[in-house]
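Please open the model in your viewer and keep the sequence panel beside it.

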Amino acid sequence: VPRLDWWPDDEPGDCPDPETVAAFIDGRLAAGDRPRVAGHVSGCPRCYEVFSGTVDFQEAQDPSAVAKPYPPWLALAATIVLVVAGIVLFRASRPALPEPGRYIASLAELAGATDAPAWPVVAFRGASGEPHPASAFEVGVLLVDAHALAFRGDAAGAQPRLLRLAALLDEAGFLGAQADLCREASRAAPEAIGAYAPRMVTLAGDLGERFDRRELVLGSWAEAGRRAAVGRHASFFDDSRQRAILDEALARGRLGADADAALADVAARWPKDGAAHDWPRLADAFGALLGAKVR
Amino acid sequence: MSEHGATPTPEQVFLAQLPLIERVARHTCRRHHLPVQDAEEFESALKLKLIADDYAVIRKFQGRSSLSTFLTAVIQHFFLDFLDHLWGRWRPSAQARRLGPVAVELERMLTADDLPLGEACELLRTNRRIGMSTDELEALAALLPARTARRFASEEALVGLASPTDHADDLVERSERDRLRSRIEAALGRALAELSGEDRLILRMNVQEGQTVAAIARALGLEPKSLYRRLEQVRRDLREALLRQGVRAGDVDELLETPTPPPGRPILHTRPSNGV
């Protein structure tokens with residue numbers, strides 16, 4: 001009796017290109033394309049080898065590194081929970097924003113803040129070929145902004161940030177899908193914008209792979225720090241990972257005269273034991289860093 | 001403004017990704033039990049391929065997936081091309097891969113080179129200095145799927161070719177077995193066609209590769225608990241579809257068994273002799 005150790009391959013032809021198979025593995029295919037690609041991969045010996053070899057490598061590196069797109073029902077449930085939780089938090093307490101320490105930690109981890117290699121900035125050139133004045137730092141700032149505003153259902157507030165983000169990603173080259181996601185989010189109605197908050201975190205992880213991670217992390221950290229100072233979230237400053245980002249940036253230096261000074265100011269005003277006496281000036285120090293880096 | 005103001009060239013992207021590229025190449029060669037010499041040749045050929053035509057592969061990347069997954073998938077493609085160059089269309093069976101490099105080498109000799117078992121064992125012991133006895137190698141061969149290499153010969157040569165067996169009973173038994181195999185293969189093909197593409201993929205990962213439910217769930221972004229139930233359902237559906245087509249219950253159960261044989265137990269594996 002033949003065992004199912006073999007497979008009746010049907011050599012269907014019209015194989016998807018490697019990037020489509022990769023997008024399938026990353027869970028980034030459009031919902032309508034997924035069944036077609038799954039069906040092809042299951043029957044085509046060559047595509048199955050590409051698929052299983054890629055998954056096998058990712059598993060061997062780190063099982064948790066394999067993309068984990070959520071099934072539609074879970075995404076819907078999570079969206080409902082997030083939106084409801086956001087509304088409850090917003091109404092029940094001031095400040096209204098979600099705990100910045102939570103999302104900046106996610107962003108920093110996803111963007112690989114802990115062992116950032118020397119990584120070139122992805123193509124930031126306009127159509128003329130001249131370097132674009134934007135940077136990964138600004139992308140980081142916008143990601144946190146867009147995340148926070150989407151989280152609390154502020155579609156009108158999120159819209160300009162998302163459009164700016166889309167424009168930056170367009171300039172970066174080969175980030176069209178990510179830019180489209182931002183444009184799609186910018187058109188979301190207030191009741192639907194909350195669903196894009198977790199996608200901003202995923203986007204940060206994705207971009208962290210292609211941008212100068214240090215700049216991206218520093219940008220998201222600076223904006224989250226400003227929000228934490230404004231909201232007097234002491235836990236953000238108690239988190240050793242946030243302090244580590246500051247220390248790394250201080251040690252690296254050379255951010256530019258204004259930015260270096262602003263960073264030193266942030267360090268000087270960094271709350272000790274969660275007790276900052278002058279939250280507004282700490283927020284100003286972060287603001288100065290943002291102003292110095294984002295032009 | 002970033003301190004790294006310059007746009008990375010495809011070359012810079014290649015250099016930045018070189019550690020990943022090398023890791024993927026080595027892992028893939030190990031996975032297929034490629035000898036060290038061949039693995040080194042593959043790694044060199046891969047790098048040349050990636051820098052060819054001004055890094056055309058990297059320039060083609062559109063950002064529809066992560067860069068690392070894209071490069072890993074591209075390397076798998078190149079690896080299959082490399083195997084074509086190395087082995088022709090022959091591929092080790094999943095079972096041989098599970099059993100290790102000696103099994104892969106033995107299977108290649110038996111199917112691609114079409115050597116008799118005794119000669120293959122002798123070659124492994126003498127030329128390749130495999131520290132296994134002939135009995136152990138024969139036991140290993142018994143665990144491999146029974147596959148036949150596709151051979152082309154002139155009619156004159158075929159006329160002069162002696163029958164591989166002189167026993168009529170053996171011929172009848174083999175003919176019966178082949179008929180059963182063809183019938184079950186056809187039924188299996190039809191039964192699989194009734195499943196959704198994703199269900200077929202889940203089933204293939206589980207029964208052919210022996211992937212755990214947790215690993216499949218991670219790879220396809222599914223929730224493990226519901227995947228476990230789904231896999232059970234898929235197996236039930238497939239079983240019913242095969243039974244409806246007249247396949248005996250005992251044969252169906254054996255067909256859907258988990259593909260990890262106990263050591264030393266010879267299992268008859270058959271596979272379509274399509275040379276793949």
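Predicted model: local features only at pLDDT ≥ 70, side-chain atom pairs only at ≥ 80, totals over all residues.

Residues are numbered from 1 along each chain as its sequence is written, chains are lettered from A and ligands numbered from 1 in the order in which they are written, and side-chain values use heavy atoms, with hydrogens and water left out.

**Chain B as a whole**

Chain B has 13 helices and zero strands. Of its 276 residues, 45% are buried, a term that stands for under 20% relative accessible area, with exposed meaning over 50% and partly exposed the range in between (1.4 Å probe, protein chains only). Among contacts in chain B with a separation of 6 or more, 63% join residues 24 or more positions apart, contact being heavy atoms within 4.5 Å.

**Helix H11 of chain B**

Next, select residues 213-220 of chain B, which form helix H11. Because six of its eight residues are buried, this helix is largely enclosed by the rest of the structure. The buried residues are Val213(B), Ala215(B), Ile216(B), Ala217(B), Ala219(B) and Leu220(B). To see what surrounds H11(B), show helix H1 (18-26), helix H2 (34-43) and helix H3 (45-61) of chain A, together with helix H10 (197-208) and helix H12 (224-244) of chain B, against which its buried residues pack. Just after H11(B) comes Gly221(B), with a positive phi of about 65°.

**Aromatic pairs**

Now display the rings of Phe, Tyr and Trp (its six-membered ring), which pair if their centres lie within 6.5 Å and count as stacked with planes under 30 degrees apart, edge-to-face over 60 and tilted for the rest. Over all chains there are eleven aromatic pairs. One of them joins Trp221(A) and Phe286(A) edge-to-face, at 5.3 Å centre to centre and 65° between the planes. This pair links distant parts of the chain, with Trp221(A) in helix H10 (residues 213-231) and Phe286(A) in helix H14 (residues 279-293) of chain A, 65 residues apart. Trp221(A) is buried at 0% relative accessible area, and Phe286(A) is likewise buried at 0%.

For a pair in chain B, select Phe42(B) and Phe79(B), whose ring centres are 5.0 Å apart with planes at 90°, so the pair is edge-to-face. Since Phe42(B) lies in helix H2 (residues 36-60) and Phe79(B) in helix H3 (residues 67-87) of chain B, the pair ties together parts 37 residues apart in sequence.

**A charge over a ring**

Select Arg204(B) and Tyr48(A): the charged end of Arg204(B) sits over the ring of Tyr48(A), 4.0 Å from its centre. The criterion is that NZ of Lys or CZ of Arg is within 6 Å of the ring centre and within 35 degrees of the ring normal.

**Cysteines**

Finally, show the cysteine sulfur atoms: the structure has zero disulfides over all chains, a disulfide being a pair of cysteine sulfur atoms within 2.5 Å. For Cys15(A), the nearest cysteine sulfur is that of Cys47(A), 3.7 Å away. Cys15(A) is partly exposed, at 41% relative accessible area, whereas Cys182(A) is buried at 0%.

Methods: Helix = DSSP H or I, 4+ residues; strand = E, 2+ residues; numbered from the N terminus.
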